Amino acid sequence: MKVRLSYFLLILGFGVFYACSDDSISSGPTPYQLEIPGALKLNFPPPVIPADNPLTEEGVALGRKLFFDPILSADGTQACANCHSPSSGFTDNRQFSPGIDGIVGNRNSMPLFNAAWNFGERFFWDGRSRGLEEQALEPVTNPIEMHNTWVNAMSSLQAHPDYPELFNQAFGTSIIDSSLVTKAIAQFERTLISGNSKFDRYLLDEINLSPAEFRGLNVFMAEEGGDCFHCHGNPANPLWTDNDFHNNGLDSFFTDKGLENVTGNPFDRGKFKTPSLRNLVFTAPYMHDGRFATIDEVLEHYSTGVKVTTTTDPLMQFSFQGGVQMTPEEKSDLKAFLLTLTDSSFITNPAFQAP
Amino acid sequence: MKSLNLLRLALLMLVFGVFFTACDEDMVEDANTKVTFNFTHNFDGANVTANEFNLFDFINEKGDTLSLTKLRYLVSEIRLYKANGDSVLFPFYNLVDVTNSTGLSLTILDVPQDAYTGISFVFGFDSINNISDAYADLNLASWNWPEMLGGGYHFMQMEGKFLEQGEEKPYAYHHGTARVSEGVFEQNYFTADLSGVTLNKANANIEIKMNIAEWYKNPNTWDFSTYSTMLMPNYNAQILMHENGKSVFSLGTVDQTN
């Protein structure tokens, strides 16, 4: 009987082994099921997932590990998350973020969420990168950021006890290159979805806005009021950005030419990407150069501080009088509305923290 | 090219089905026509593309010098007419974006082969289709028209600058539903009727020309000193746009092949 049982277990074991190994050969990494909150599904397109970089459980997990690992920097001290921290809506709260050599640039670290809906696929404040994968290439070698070389970064990853196997699980090869690194990081970044703010729940008829918040929404949507909606979305576009580029009248003279540096077109001078208004409470300071420390300062700019130049956007329709000239009550209401775009569950989401 | 809401589409297919089954017995089963509409733009004959944007190259009827920085508009409900007055409706909409050179061409396949003598389309959405928040791609394009102004969608966004005593001033010529008073709105779309065409071959390329200058002159001479910004809630401006828009479109080149 013992012998028979042993044979049976042996056959069963082979069967399981055969089934498992066959399955692993044929299926590869496990497709990642992206959970899209209700407010981002209300008459809104699905996100952009490149055909050559589908989301997988293994790829997202690898991207998350890489995002929080300082191994990509030249001296092993700086990770993506140093300047893109979950608690700050995946930016940081400094005007300019120092790289590994303590040198700062002239641009504020951009928040990271809902990037998968950037159909224009232009990233950075000046749109110089096409796609999240291309965007992730630059910080590694930028001398004022991680100041590394990709050859060195890949060498570090290849020599690591875990990464070769993790790349094998995610991409079917343990030979690591920059393309796979950026694909993994981009996969993780596409999972960073924020769609659970008070306003999102209002859109889903789960809660009501306060009178001040509702008045603020009207200020936001009124062309003769704040006129924010032309660039910053509306209740039907819950990204709260048009992902386009505008000169919003910050300066009379430009030390940073923004989009013009990329296109070479002088009519693009001083144009920068419209940031999302989601999670503003976490993402200070504001503007491409982090010049405004508070939301109040931002509102004051649009109210009275707009400068007129050749490239100031015509949508700054009140630029002739310095801005939209909001009353204190309108500013207070508008701020109350903007704070309804705060998604606290996004910054505490366990899936978005360091592994 | 995007479809209008599903119910309309289903009804339309039902109507088409009944029509073709019941009436068109001599129609060859697979004899369909491909029609491509090419949207081109000019300012009193001078070609306008994104390459001409930002330059103060245009002078309107009143004599104001102006530039363009953005031009996008919506067309929907394209209809082909037969000589006997019957028509075939295509329940699509198309956002023409001159700034980004998208939507400049719209191809409709499976057009029932027949002899057509006219074309029309709705500029914007008619009152049935102008449904707030209903179209995902237009929401992504932030094409929405505020609820306080009647909701639905923009029909056109034309922006740029004009010169006033040598000084650059912004204009935002945004067209959509007109607000008569608080809570009272007036539909403001119009239908562009383009007759004088004969379509009777398998493939047709049709140029739809927008003369931008017409927005400023016919029948109302546009005055930037009165109407340049904050025009969305301005009832008078919206009605003037509606009236001037009717002469903006014309047929251009029509190429046909079998």
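Trainee: Before we start, how are residues and chains labelled here?
Mentor: Residues are numbered from 1 along each chain as its sequence is written, and chains are lettered from A, with ligands numbered from 1, in the order in which they are written. It's a predicted model, where local features need pLDDT of at least 70, side-chain atom pairs count only at pLDDT 80 or more, and totals for chains, interfaces and linings use all residues.

Trainee: OK, what does the model score?
Mentor: The scores are ipTM 0.89 and pTM 0.89. For chain B, the mean pLDDT is 89, and 88% of its residues reach 70 or more. pLDDT is the predictor's confidence in each residue, from 0 to 100.

Trainee: Where does pLDDT stay under 50 in chain B?
Mentor: Over residues 6-30 of chain B. The model has 8 contacts beyond four places in sequence for that stretch. A contact is two residues whose C-beta atoms, placed from the backbone, lie within 7 Å.

Trainee: What's the secondary structure of chain A?
Mentor: Chain A has 14 helices and 4 strands. Chain B comes to 3 helices and 15 strands. Both kinds are DSSP runs numbered from the N terminus: helices are H or I with at least four residues, strands are E with at least two.

Trainee: And how much of chain A is buried?
Mentor: Buried residues make up 48% of its 355 residues. In chain B, 40% of the 258 residues count as buried. Buried means that 20 or more other C-beta atoms lie within 10 Å of the residue's own; exposed means 12 or fewer, partly exposed is in between, and the C-beta atoms are placed from the backbone.

Trainee: Switching topic: which residues of helix 6 of chain A are buried?
Mentor: In helix 6, residues 163-171, they are A:Tyr163, A:Leu166, A:Phe167, A:Ala170 and A:Phe171. They span an arc of only 105 degrees around the axis, so they sit on the same side of helix 6 of chain A. That arc is taken from the directions from the helix axis to the C-beta atoms.

Trainee: What covers them?
Mentor: The cover includes helix 2 (57-68), helix 5 (150-159) and helix 7 (178-190) of chain A. After helix 6 of chain A comes A:Gly172, with a positive phi near 80 degrees.

Trainee: How many residues are in the largest nonpolar core?
Mentor: It has 140 residues. A nonpolar core is a set of buried Ala, Val, Leu, Ile, Met, Phe, Trp, Tyr and Cys residues joined through C-beta atoms within 7 Å. Those with the most contacts inside this one are A:Phe67, A:Phe167, A:Ala184, A:Ile185, A:Phe220 and B:Leu74. Its largest share, 8 residues, comes from strand 5 (residues 65-82) of chain B.

Trainee: What does A:Phe220 touch?
Mentor: Leaving out residues up to four places away in sequence, A:Phe220 touches A:Gly226, A:Cys228, A:Phe229, A:Leu334 and A:Phe337.

Trainee: Back to strand 5 of chain B. Is B:Lys70 buried or exposed?
Mentor: B:Lys70 is in that strand, and it counts as buried because it has 20 C-beta neighbours inside 10 Å. Not counting residues up to four places away in sequence, B:Lys70 touches B:Thr99, B:Gln157, B:Met158 and B:Glu159. B:Glu77 is found in strand 5 of chain B too, and its phi is near 50 degrees, a positive value in a residue other than glycine.

Trainee: Now the contact between the chains. How many residues does each one give?
Mentor: Chain B gives 24 residues and chain A gives 23. On chain B's side, helix 2 (136-140), strand 9 (156-164) and strand 10 (167-175) each supply at least two. Strand 10 of chain B brings the largest share, 5 residues.

Trainee: What kinds of residues are on chain B's side?
Mentor: They divide into 11 nonpolar, 7 polar and 6 charged. Here Ala, Val, Leu, Ile, Met, Phe, Trp, Tyr, Cys and Pro count as nonpolar, Asp, Glu, Lys and Arg as charged, and the others, Gly among them, as polar.

Trainee: Last one: where is the peptide bond to A:Pro285, and is it cis or trans?
Mentor: The bond from A:Ala284 to A:Pro285 is cis, with omega near 0 degrees. A:Pro285 is in the loop between strand 4 (272-273) and helix 12 (295-304) of chain A. Chain B has a cis bond joining B:Asn218 and B:Pro219, with omega about 5 degrees.
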